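Trainee: I am new to this structure. Please take me through one part of it closely, the place where the two chains meet.

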Amino acid sequence: MEAEATIDGQTSRYWFVQGMRGLWSVPAIILMLSFVGFAAFTAEVGVPVEQVMFMTGVVWALPAKVILVGTMLSGANLLTAFIAVTLSSVRMMPMVAALVPEIRTRSTPTWLLLVLSHFVAITAWVFAMERAHHVPRSGRVAYFAGFSITLTLANVLLVGIAYFLVAQFPPIVGACLFFLTPVYFLSSIWVSARHRVIYWALGIGLVSGVLFHEVAPEFDILLAGVIGGTLAWAGERHWRLRQAGNAP
Amino acid sequence: MTVDALWPYIFIAVAGWLATDIWRWLGVLAGNRIDENSETMNWVRAVATALVAAVIAKLIVYPTGELETSPLWLRVGAIAIGAAAFFAFRRNQLAGIAAAMGALAFGLLVLGV
């Protein structure tokens, strides 16, 4: 019993360190560059660096943070900001729900999964869904923890440092880093999509984001999500049912 | 510390931290029990993706900072070139990102924005 526990402890440590090494993977490096862009964005609009580091640690998901900063700048009240951010984060629920069965064992305590779920965002999710099945099941929670906690802490430090460096960058570098965020999100959604409705929602969401910004700029993201997303869902469903109906 | 000094942190904790983590916690609790193939789940996926897509579109079409003065056609063109490279290299994310960033940087240099 004791020997088994020791071996388990060693295995966990081993896989935690293997996860940490994921910091030098391509998706992690792209994300870190995007965070340098985020630091440039917040420095530009004048959010204090302590607040930028704090929100990097506690919010973590980059789209949610971009929306949060947007609401802070527009002077929105707490409830409006909460609604905008929480709506952008609904996708966390299906993402986490899909990840949990991949990494947990029968003995994994729920509290541990609740704590680790905080470190789920697009990059950690894509990374874990792609690589977790190469890791023995008993090491997966440690592997995910090693990767996602390291990635989060590294980016908290990174924004703190980059915040002061970006002011010295030539303007063209700042412009490119800012552009990296949408380009990175766009390609990440495409490569991580497991369902056809994602492609429909991506296309319709892009168009309705601009459309609703022209019509109702203060609620644009919310309206684009709910109306655009519902249209995408209904359209894909209609198409899917017709395909099924036409099948011999 | 006064309430005024703490207020931004309370704001971030409630509108940022709590607003995102409740969905992560619900995701854990749903875990195995949720029906991945249900129509409700499909709708949730669609709305969630459309929200992020709207954020992306706004960052491209209505940028702030250094990009604000660049022409819209350059930004949309860079995305199109990136998408072309992405699919040409069999959905290679790095190829797509490199092509889009390269096109934007080239355009900004040529235009002297």
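Mentor: Start with the salt bridges. The model is a predicted one. Across the interface of chain B and chain A, the rule finds three salt bridges.

Take Arg237(A) and Glu39(B). They form a salt bridge, with the closest N and O atoms 3.5 Å apart. Arg237(A) lies in helix α12 of chain A and Glu39(B) in helix α2 of chain B, so this pair joins two chains. How accessible are the partners? Arg237(A) is partly exposed, at a relative accessible area of 33%. Glu39(B) also counts as partly exposed, at 28% relative accessibility.

Arg240(A) is partly exposed, with a relative accessible area of 24%.

An α-helix has 3.6 residues a turn, so residues three or four places apart point the same way.

Next, look at the chain A side. Arg196(A) and Glu236(A) meet through their side chains in a salt bridge, 3.0 Å from N to O. This pair links distant parts of the chain. Arg196(A) belongs to helix α11 (residues 196–215) of chain A, and Glu236(A) to helix α12 (residues 220–246), 40 residues apart. Arg196(A) is partly exposed, with a relative accessible area of 36%. Glu236(A) is buried, with a relative accessible area of 3%. Buried means under 20%.

Arg196(A), Glu236(A), Arg237(A), Arg240(A) and Glu39(B) are linked in a network of salt bridges.

Step back to the whole interface. The contact takes 89 residues from chain A and 70 residues from chain B. About 7100 Å² is buried between the two chains, and carbon and sulfur atoms give 79% of that area. Polar contacts are present too. The rule finds 15 residue pairs in polar contact across the interface of chain B and chain A, both at pLDDT 80 or more.

Which elements of chain B give two or more residues to the side that touches chain A? They are α1 (3–30), α2 (39–61), α3 (72–88) and α4 (93–111). The largest share, 23 residues, comes from α1(B). By type, the residues on this side of chain B divide into 51 nonpolar, 10 polar and nine charged.

In an unreviewed entry, UniProt lists residues 6–30, 42–60, 72–89 and 94–112 of chain B under "transmembrane region". Two of these spans can be checked against the model. Residues 42–60 of chain B are 100% helix and 0% strand, and the end C-alpha atoms lie 27 Å apart. Residues 94–112 of chain B are 95% helix and 0% strand, with end C-alpha atoms 26 Å apart.

Finally, turn to chain A on its own. Eight of the 10 residues of helix α8 (residues 122–131) of chain A are buried, so this helix is largely enclosed by the rest of the structure. Among the buried residues of α8(A) are Trp125(A), Phe127(A) and Met129(A). What covers the buried residues of α8(A) includes α2 (26–45), α4 (62–73), α6 (92–103), α9 (137–165) and α10 (171–192) of chain A.

One of those covering helices, α2 of chain A, holds Thr42(A). Thr42(A) is buried, with a relative accessible area of 0%. Its side chain reaches the backbone oxygen of Ala39(A) at 2.9 Å. Not counting residues up to four places away in sequence, Thr42(A) touches Val47(A), Val52(A), Val69(A) and Tyr163(A).

Key. Residues numbered from 1 in each chain as written. Chains lettered and ligands numbered in written order. Heavy atoms only, no water. Contact = heavy atoms within 4.5 Å. Buried area = accessible area lost by both parts, 1.4 Å probe. Salt bridge = Lys/Arg side-chain N within 4 Å of Asp/Glu carboxyl O. Polar contact = N/O pair within 3.5 Å; in protein donor to acceptor, adjacent residues only side chain to side chain. Helix = DSSP H or I, 4+ residues; strand = E, 2+ residues; numbered from the N terminus. Nonpolar A, V, L, I, M, F, W, Y, C, P; charged D, E, K, R; others polar. Buried < 20%, exposed > 50% of the residue type's maximum accessible area, 1.4 Å probe, protein only. UniProt positions renumbered as here; feature names shortened; annotations may be inferred.
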